[in-house]
Amino acid sequence: MAFLVQIHSTVIILLLIVPLTSVAFYNSKYLHKFSPFPHSFSADVASKRTSYRLYKNLIGDDGRIYVCSDKNFFSFESNGSIAWTVHLNYTCNSNIAPINGGSKKIYLVAENRVLKIYPLRIGTSEAAVELFFGPTQFTEKPEDIIGISASISSSCVLINVKNRGLFAYRLHGQLLWSAGPVLYQHGFRQGCRKNITGCYFTSSPVIDHCEASIFMCNTVGELYSLSVRGPYFKWIQDLSSFGNKFIITPGNNGRLYVTVPGTGVVLALDVSTGNILWRVDIGPLSSADYEPVVDSNGWISFGSLDGFFYSFSPTGDLKRFPRSAILNSVIQVSPVLDCSGYGVYISQTEMEGRVFQTAAEYVRVSALKPKSVVFTLLVPSSGSIYLSESDPSKILYKLSQSDLQHFVIDERTLLAFFVVSRKPSPLPCRSTRQKLASSCSQVNPKTLSIYSGNERTIVLFLVIESVILVLVAALVQRCCVFWKKKKLQSHNLGKFLEKRRSLRSQKKAYDRMITEIEEKAASDEAVANEVLERLSDLVKEREDIKRKLSTSYSLGRDDYTGKTRSSKSALPLYDEKTRSYSIKGSKNESVTVFHTVSDSSSNTSSTSEDDEYEEEYDGEKSKGKAHVENSSDDEEGIRESGSMSLRRRTVSFTN
């Protein structure tokens with residue numbers, strides 16, 4: 001049975017911290033150590049206090065620790081010395097840790113304002129602190145700021161203001177959008193379903209960088225998923241059966257983890273739908289703001305007051321460290337990820353005594369002062385332990401001699417300094433982008449089915465639907481054909497087709513006659529002039545029929561313009577004194593030209609006519625050369641018939 005703990009103001013947990021690690025009193029002789037830093041404390045301010053308490057911290061990518069104390073913001077080196085400090089005009093919020101805004105900028109909450117820190121401006125003439133969000137944004141007194149977060153990939157800062165809602169700002173301060181816990185869409189209300197009065201967001205905005213989603217909860221136990229790009233609710237999950245106070249942790253691996261601190265219940269949800277995937281119980285947690293961590297392997301880890309360290313895989317598999325309980329040991333503070341993203345640092349404290357008191361379904365834990373502390377670095381997915389420091393006296397002594405002696409530090413801050421002081425790190429460090437890429441790669445894309453129900457019924461329905469569509473398509477086609485026929489009948493289609501058939505018959509008859517005359521002219525060199533004239537007339541009449549078939553009596557399929565005949569053809573050529581006929585063969589492209597000259601033409605005119613028709617072919621074509629043989633000087637024969645003389649000239653093309 002899992003341990004449960006009730007977190008109320010009436011519950012007292014007696015945890016006394018070792019004096020060496022918890023309290024260091026201010027001594028005036030160390031005042032001179034602050035002088036080299038800009039905006040440092042003055043002696044007058046320091047003398048009014050005897051010690052300074054460090055609030056929640058931020059471990060930067062540069063290995064420094066950034067933390068607030070009262071109205072001052074500090075940057076500590078890993079050895080405990082102060083790198084720089086800047087004075088704020090407002091008191092920091094001790095319950096909200098600073099956040100990294102990218103581009104060497106840090107955001108923090110102080111007196112219901114969001115301040116923007118520029119570390120690179122420290123020591124320069126430019127202002128190192130700017131008011132990013134504050135009372136100037138409202139026309140009345142502002143409400144409390146519950147939490148902030150930043151999305152570097154989306155370049156926005158999210159601020160949750162009590163009773164007002166969530167505000168999204170650009171990094172330069174421009175308002176993008178705002179959203180409340182209630183949204184009306186298409187006449188329906190979303191959010192605060194049980195009670196709209198006094199319903200508001202109660203948690204810090206949590207960002208899943210892989211899904212670009214924001215997760216928050218409200219006062220009635222509802223969990224929201226919003227889009228980073230606008231005030232739209234992706235889904236709302238009612239978790240009121242588990243309570244109304246939750247710790248939300250993004251997995252960046254397709255999982256969202258919700259912890260109920262009052263009962264020790266851990267839920268894993270699907271980030272896309274909000275459905276609960278699995279539920280487990282763990283031991284009692286030390287506080288209501290306990291923060292579990294998720295490593296790059298997707299394992300979520302908790303430390304409990306029962307002394308065990310719980311780690312769960314994305315599928316809910318449990319690994320517990322140590323395997324056997326250590327008497328009177330507790331884990332009070334949240335674990336810290338190392339720079340690789342795979343390892344987790346934990347601080348386990350052994351107490352002089354520990355008492356469990358059961359009240360109903362809750363467990364109250366009381367403990368006496370601590371005896372020793374053990375720092376451990378382990379990888380939850382493999383269970384490997386890379387470091388275990390049971391005697392941290394050396395590092396504690398070093399820190400006590402540094403600037404930290406002026407401050408009151410708790411175990412959380414001590415664990416942070418232990419983490420950054422491990423140089424070199426037992427595991428290779430990686431950048432934030434590499435860590436996100438590693439965790440986001442674990443998200444499995446889901447194939448969504450658009451059908452639900454009986455699979456056989458769905459298949460049968462699809463088959464019947466396909467058959468019906470085919471029948472309808474065939475019916476439509478038949479109707480179109482029938483309509484076209486009826487339309488043609490009304491336009492005397494019968495006479496049109498009869499005339500077309502007559503023209504096609506005439507064309508075939510002309511083709512046969514022209515073919516016979518061409519074959520006769522090719523075989524017999526002595527061709528009468530009347531025959532050639534008849535051939536010319538036939539060709540003209542056939543071309544006229546072709547024109548009619550391709551225009552007035554065409555069905556859209558007749559094209560005689562581009563056709564070439566493979567058979568021989570006789571084409572008439574005319575000029576003023578002579579008439580010529582060319583007969584072309586199909587294979588070797590031999591051309592025979594007949595010239596008919598009148599009686600009145602002299603030999604001189606005939607010779608000049610020969611010279612006029614002489615041509616030379618000396619170019620190359622794509623498939624070979626064309627050679628021309630001119631027989632004007634060596635004529636094969638001249639025949640005279642009556643008043644007409646016939647001369648033949650042959651030009652041959654060879655491929």
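**Exercise 1.** Determine which residue takes a positive phi in the hairpin of β2 and β3.

*Solution.* Begin with the terms: strands are DSSP runs (E, at least two residues), numbered from the N terminus, and two strands pair if DSSP finds at least two bridges between them. Strand β2 covers residues 57–59 and pairs with β3 in the antiparallel sense over three bridges, with N57 standing opposite V67 in β3. Between the two strands of this hairpin lie five residues, and G63 takes a positive phi near 85 degrees.

The model is predicted, so local features need pLDDT of at least 70 and side-chain atom pairs count only at pLDDT 80 or more, while totals for chains, interfaces and linings use all residues. Residues are numbered from 1 along each chain as its sequence is written, and side-chain values use heavy atoms, with hydrogens and water left out.

**Exercise 2.** Find the bridge partner of V67 in β4, and describe the turn of the hairpin that β3 and β4 form.

*Solution.* First, β3 and strand β4 (residues 72–76) run antiparallel and are joined by five bridges. Next, V67 has F74 as its bridge partner in β4. Finally, two residues lie between β3 and β4, and D70 in the turn has a positive phi of about 60 degrees.

**Exercise 3.** Decide whether the two faces of β3 are covered or uncovered.

*Solution.* Buried means under 20% relative accessible area (1.4 Å probe, protein chains only). Strand β3 spans residues 65–69, and five of its five residues are buried. Sorting them by side, I65, V67 and S69 belong to one face and Y66 and C68 to the other, and both faces are covered. For the chain of 655 residues, 42% count as buried.

Key:
Buried means under 20% relative accessible area, exposed over 50%, partly exposed in between (1.4 Å probe, protein chains only). Helices (H or I, at least four residues) and strands (E, at least two) are DSSP runs, numbered from the N terminus.
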